[in-house]
Amino acid sequence: MHKYFFAFVFFPGVVFSLNKFICEHSTDSISCLNGYALKIRSVNFGRTSKIVCSNDPTTNCYSSGRTTGYLANKCNGLNACQLTADSNVIGENPCPGVSKYLDLQYDCDPIPTTSTTTTTTTTTVAPVTQQTTTPQGAPQVCHEYLVSGMRGIPDNKLTASSTWSNKTNDDHKPHRSRLFTTAVDYANGTYLRGAWSAGVNDKNQYIQAELAKVSTVRGMVTQGQNVNPKDNCCSQKVSSYRVGYSVDGTTWVMVKNGPNDMIFPGNTDQDTPVTNMLPCPVIAKYIRLYPVKWDKHISLRWDAIGCPTDASPYGQCPAGWLERPGSNECYLITINKTKGYDDARQACRLEQGDLVQIDTVAERNWVIQQLNVVKNTKFPNNQLFQVWVGLSNRPRRDTIDYKWIDGTPHDTNIVPWLPNMPDNYLTIEHCGELVNSGLNDINCNNPINYVCEKKKYWNAPVNNFTPAVVIPTTPSTQVPSTIHSGIPIPIGGSAQTIGQSTFTRGCHKASDCRNLQLGDYQSCTGCHYYLTCAPSGDFVRPCPANLIFDFNSKACVARSGTCIGP
């Protein structure tokens, strides 16, 4: 049985006509964003397509208006409505013996709201920083990720002083602290959070890793908690920390700055990796990170940088990797590690690389040659050998605008598509694979092998902190005379000011849509603008005159609770 899912984008203040299929004998729901209500336009419980839900040649099976009326009475005016595609529930069975499905056409109408204008006073917001990383200095040796790299450790070797727990199906355990871990919402009340979170907030808390063997530890890298876009949990991070190490797990030594414990700077955003190299390498089997300061709650992802005693020699690709002649690039072709696109990319990043990005014809020819060698030696009886490459057009839902992982547009003169590709079969194919030496589009969730690429020589990243410009707001002279102190800032949080606009829940650039779900977000252009991540692309749109965007309600309003400014 085939299931069909449709993703739709909501624009503030606009009525949307949407479509949903529910296969016979299945239960599913339709819903609108907060601030919108359902309105059923038409329903058919029958079959008008040969391929929806199952292969059936019947295409002229229609229900009567009674079905539409029944579902309209059940769902109209609600924010969400659960439906079952079953004749015993609906009360009508057109075309007995035919495999049917519910085909719903419905609107999401904005619920009328009222807003009032109030006076604000001048506020001064502490500057915040945005983080980026760039390589520094000469190439260095001994730089593996010791916790989650190619010779990393199993989950049971990650432990902590305490772990936050408010219910059994909300997972903040130490194994969630691995670098580049992403939040997962299973939509059944089970959550895998995007970080380890301590049970309590104090300076005695720590996250600990027992390394695979005694190793040289040269640095640390941290991230904040990856936020679940469905429930916005949780914008938390550690802004500074100490490091302890041990050979036996009993006697611990702290990394020092003179007579005092050294304090390392942590994160100012959720996902940018921040690297700190130790003043002197240490020899350890156990490593601990002790948070010193944090934002809202102690939550982090991390890894240690260094090497075990059998590390690869300087200037050579690691064991199992291939060096492309005449280049400084190393490549890993997996043969028994099938993953979806995002999981494959995370695996490559934990090797301090990424999915392969093919920039030249010479690189393409060499990669294809190596894939053919693997196919002929490892899979001689298989007709297909598929591998992920770093190419996709998400969040689009069509067949254009494919880009490499660094945002470079795909050049078909360098890596051409197979004939008649991409075809976006069933509208669910948006990631690129090399298959039998040609480029094809497939479902990003398909588990296949993958090719990683990284530099042969490693440079320690530099963390670039760019202070945001802070401009105080101007007091309003409008009535009523009640004085408000601007927009509320979450407890323990901080506001971000760019130009004349101050955002309490952050803002996004158009390029961020590659990592966001479909929907509307606050644009960094200003309070008056919002970013739409749509199937057809990403767009910065203005609100109607005299309105600004509110991230909490995802709507243009007279007074926003998440942004102040033009």
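A disulfide joins Cys348 to Cys452, with an S to S distance of 2.0 Å. The structure is a predicted model, and a search of the whole of it finds 11 disulfides.

**Cys348 and Cys452**
- The link of Cys348 and Cys452 is left-handed, with -80 degrees about the S-S bond.
- Because Cys348 lies in helix 3 (residues 341-350) and Cys452 in strand 29 (residues 449-455), the pair ties together parts that are 104 residues apart in sequence.
- Both Cys348 and Cys452 are buried.

**Cys527 and Cys563**
- Cys527 is joined to Cys563 by a disulfide with an S to S distance of 1.9 Å.
- The torsion about the S-S bond of Cys527 and Cys563 is about -75 degrees, and the disulfide is therefore left-handed.
- This pair links distant parts of the chain, 36 residues apart: Cys527 is in the loop between strand 34 (519-522) and strand 35 (529-534), while Cys563 is in strand 39 (residues 563-564).
- Cys527 counts as buried because its relative accessibility is 0%, and Cys563 is buried with a relative accessible area of 2%.

**Cys233 and Cys234**
- A disulfide also joins Cys233 to Cys234, with an S to S distance of 1.7 Å.
- The link of Cys233 and Cys234 is left-handed, with -65 degrees about the S-S bond.
- Cys233 has a relative accessibility of 13% and counts as buried; Cys234, at 18%, also counts as buried, the cut-off being under 20%.

**Exposed cysteine**
- Cys280 has 52% relative accessibility and so counts as exposed, a class that requires over 50%.

Key. Residues are numbered from 1 along each chain as its sequence is written. This is a predicted model: local features need pLDDT of at least 70, side-chain atom pairs count only at pLDDT 80 or more; totals for chains, interfaces and linings use all residues. Side-chain values use heavy atoms; hydrogens and water are left out. A disulfide is a pair of cysteine sulfur atoms within 2.5 Å. Buried means under 20% relative accessible area, exposed over 50%, partly exposed in between (1.4 Å probe, protein chains only). Helices (H or I, at least four residues) and strands (E, at least two) are DSSP runs, numbered from the N terminus.
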